[in-house]
Amino acid sequence: MTKAVVGSDDQWGTRTTFFLALSAAAIGLGNIWRFSYLTGEYGGGAFVISYVACLLLVAVPLLIAEVVLGAQGGPGPVAAIHRAGDASGLSRGWGLVGVLASVCGLLILSCLIVVAGWCMAYAGFMHSGVFSSAVPVEVGQHFAGYLSDPAPQMYWQSLFLLMAAGTLVLGIRRGLALLVWLVVPLAVALLAFLIKFNFDNGNIEAAGDFLFTTRMADFSPRTVLMALAHALFTLAIGVGTGISYGAYAAGDIPPGRSVIAVALFDTLFGLLAGIAIFPVVFANNLEPAVGPGLLFISLPYAFGNLQQGELAGTVFFLLMTVAALGSAVAIKEPIVAGLIRHLRLSRFTACLVVGAVVWLMAQAVVVSLGPGNAFPSLGGGNLLGLFDILTAGVLLPVVAFLLSLLVGWRLSPELLREGLARESDRFFSLWYFLLRYIAPPAIALLLLMSALGESGIV
């Protein structure tokens, strides 16, 4: 099979840029607040060990599979699967996997830009001292009041979406590549500032006990399944990011080793994020939480009641915004690339169309969170929660499962070996074994537990 050809302006240029692009996609909002919380909640070291095992045995092989698909079939999940499937004599029905990935990406984006808009607004609140010496009830009431007013939410999320769309309009080398060189170093610098602040002002000992204490009793099936769910989530498996970013990698880049490096960097970043968050939470005698309750109530209160906390709080929400931007462009690019390839649209028009759809969906999410319960028959009226359950609990694992079957069992091994030509025979054999015999049953078990109503698994 002849490898899909992309123009020189549609390539990353260097291996480092490819690494930074995948890293920017992986860091994300969820990895900053969710990984560290899950680590503490599910036994510290027990969760970390389970997570690293799931990452290396399941998530990394799947991301490598996506990268190989993109390298052979080009950007755009549906077209990449069609091209690779044609070379292996498969039905074009497998393209449905790419459609599901794109739908999943749209749903995630509509929630992501809403939360990113909140982060931008809260950076301003922290900078202006809104939460200085506030009590928890006041901070909670402020968040509830903010959710009840759609206008400022629409303003901030529109501004965020414009930044993401503007980056993609500029193309790969002049837009995305430049952005990832800005996002990752800036995120590391902001994280370093917050860690220093936490060492000076937080309860490091309590945070260390919460995050890193290892209890053998915590090595349970539930801990492993939670670790697996987050491993798939953090590497953006199932939205086509690996396919598009793999298509833009030059032929001399070793995809397997690059993906492993990204996974290790992402894990280290998540652990350090815990040190940048939980010491100030424990210093204010707060119970650790997860989700909006931690980000927009606990942390603003904690930062607002510490010396120089306004500055640290501002930096924290800037970090969240930067992380969200890296994820947003990574999720949006496969959908844009698909429209360019299938509908022959210009990059500008494709970005405009996808941006308009996401913006409208985000407005529906905002309205659902406000007073009046605008969508009572959909997820109890909370579209943010409904989309989260639908994507994390159903679509992401389903797409990941189907990808493992497609690449591991249906595509020609010769085609796959060609995509991993830069890796050794031993590396290829191990990757192929994990993709065929470990990933499918592991994801199937995750789906089964989710279907049986194991709340909190995903």
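Helices α2 (45-73) and α16 (413-419) each supply at least two residues of the lining of the second largest cavity. Helices here are DSSP runs (H or I, at least four residues) numbered from the N terminus, and a cavity is a set of points on a 1 Å grid over the protein atoms alone where a 1.4 Å probe fits but cannot get out, its lining residues having an atom within 4 Å of a point. The model is a predicted one, with local features needing pLDDT of at least 70 and side-chain atom pairs counting only at pLDDT 80 or more, while totals for chains, interfaces and linings use all residues. Residues are numbered from 1 along each chain as its sequence is written, and side-chain values use heavy atoms, with hydrogens and water left out.

Back to that second largest cavity: about 30 Å³ of space lies in it, a volume being the space filled by probe spheres set on the points, which are joined across faces, edges and corners. Helix α2 gives the largest share of its lining, 4 residues. The lining includes Ala65, Val68, Leu69 and Gln72, and it splits into 8 nonpolar, 1 polar and no charged residues.

The largest has a volume of about 40 Å³, and α3 (77-87), α4 (95-127) and α15 (383-410) each put at least two residues into its lining. Helix α4 leads with 3 residues. Here the lining divides into 8 nonpolar, 3 polar and 1 charged; among the residues are Glu66, Pro77 and Val97.

As for rings, the structure holds 30 aromatic pairs (Phe, Tyr and the six-membered ring of Trp, centres within 6.5 Å; planes under 30 degrees apart are stacked, over 60 edge-to-face, the rest tilted). Tyr122 and Tyr146 have ring centres 6.1 Å apart and planes at 85°, so they pair edge-to-face. This pair links distant parts of the chain, with Tyr122 in α4 and Tyr146 in α5 (residues 136-147), 24 residues apart. Tyr122 is buried at 0% relative accessibility (buried means under 20% relative accessible area with a 1.4 Å probe, protein chains only), and Tyr146 is buried too, at 7%. Both tyrosines belong to a cluster linked by ring pairs, which also includes Trp118, Phe125 and Phe143.

Technical notes:
1 Å grid on protein atoms, 1.4 Å probe; cavity = no way out; pocket = protein on both sides within 12 Å on 5 of 7 lines; lining within 4 Å. Nonpolar A, V, L, I, M, F, W, Y, C, P; charged D, E, K, R; others polar. Buried < 20%, exposed > 50% of the residue type's maximum accessible area, 1.4 Å probe, protein only.
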